[in-house]
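Here are some friendly notes to read alongside the model. Please keep the structure open as you go through the points.

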Amino acid sequence: MDEEGTNWWDGLVSFVSEDETVAQIALTLVGGIIVVVLLRFGISRIVHRVVTDVKKRHGAEDTQALTTSPVEAMRRVQRTRTLGSVLNTFAGWVVGIIVVLMVLAESGVSVTPLIASAGILGAALGFGAQSLVRDVLNGLFMVFEDQLGVGDVVNVGEVSGVVERLGVRVTEIRDVDGTLWFVRNGEILRVGNYSQDWARVVLDIPVPYEADVAQAQESLLQTAKKFSHSAEWRRKVLAEPEIWGIESISAEALVVRLVVKVRGGEQWAAKRALHAEIKKALDEEGIDLPPLNRMVLDGIQGVRSGTRRAPARDEGTD
């Protein structure tokens, strides 16, 4: 360091040493910065430790690989990271406000009126920004209660799709058409989550009325069991398929209900794949599924098939 720089530094140190107020302000600012850094470091360490522990426990190299592990593991990682981000932001704001008030107090500014004014202003803002406060609080509760997470397929009322980002104020959901919806958390009154824990594939298969019901049910059940034991689906099917029996009866067919319990989020792919397997099995056995015609109401004549003609009226009647 040259002579000019040394003189400048010595002058600054002398000024700070002589003026106690400036020294106190400097220490307050430095202390605030250190507290924020330590808090954020601690929060990041906790988040990292939780995520690393989950990965090690399930033998995964990265978070995406956790999709082959229990769903709860991946959800814990997502929830921990979201909470870590929220806590980092909250810690920065709280410490920053405290440091500003302490600096003003050391500078000789009375902070009592400022705090009172801030309280009044905060009340006014809280009254005027009730929707914003509701959005934030509802977003925090959704995270704490694990109502939904990134990657979940959800129904939040008017919007259904995949959660791409779960923010404190807004949740981003992309629907099946590719449209990205920004939904305010305060407007979410109910959440239907298709991805949590497990789901159920429900298939209603029409069987010809004159067919042997027991044989048809056994054929459908064996096809579903073969499907559930296949290499692609044995890790995703959580229980043996079941036949729940005859769901409905009409003049055209008997409707048999088949159900399969699968991992959450896999029900749509499983339903399509199982439909293909059932179609193949029915073709091999030479079974043709009957058409289910529309039922219409024909006045006092009652219910009749949409394919039948209505009874002719006598021309001599009114």
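1. Let us start with a term: a residue is buried under 20% relative accessible area, exposed over 50%, and partly exposed in between (1.4 Å probe, protein chains only). Methionine 102, with a relative accessible area of 42%, is therefore partly exposed. This is a predicted model, where local features need pLDDT of at least 70, side-chain atom pairs count only at pLDDT 80 or more, and totals for chains, interfaces and linings use all residues. Residues are numbered from 1 along each chain as its sequence is written, and side-chain values use heavy atoms, with hydrogens and water left out.

2. Now the overall picture. The chain has 7 helices and 10 strands; these are DSSP runs numbered from the N terminus, with helices (H or I) of at least four residues and strands (E) of at least two. Of the 318 residues in the chain, 32% are buried.

3. Back to methionine 102, which is found in helix H3 (residues 71–106). Together with Phe90, Val94 and Ile98, Met102 makes a nonpolar surface patch of about 370 Å². Areas come from the Shrake-Rupley method with a 1.4 Å probe.

4. How many aromatic pairs are there? Rings of Phe, Tyr and Trp (its six-membered ring) pair if their centres lie within 6.5 Å; planes under 30 degrees apart are stacked, over 60 edge-to-face, and the rest tilted. By this rule there are 2 aromatic pairs. Tyrosine 194 and tryptophan 268 form an edge-to-face pair, 5.6 Å centre to centre with 75° between the planes. Because tyrosine 194 lies in the loop between strand E5 (192–193) and strand E6 (198–208) and tryptophan 268 in helix H7 (residues 267–285), the pair ties together parts 74 residues apart in sequence.

5. Phenylalanine 227 and tryptophan 233 form a tilted pair, because their planes are at 35°, with the ring centres 5.3 Å apart. Phenylalanine 227 is buried at 4% relative accessible area, and tryptophan 233 is buried at 4% too.

6. Lysine 236 lies over the face of tryptophan 233, 5.0 Å from the ring centre. Lysine 261 lies over the face of tryptophan 198, at 4.3 Å.

Conventions
Lys NZ or Arg CZ within 6 Å of the ring centre and 35° of its normal. Patch = residues over 30% accessible without salt bridge, like charges linked within 9 Å, V, L, I, M, F, W, Y side chains within 5 Å. Salt bridge = Lys/Arg side-chain N within 4 Å of Asp/Glu carboxyl O.
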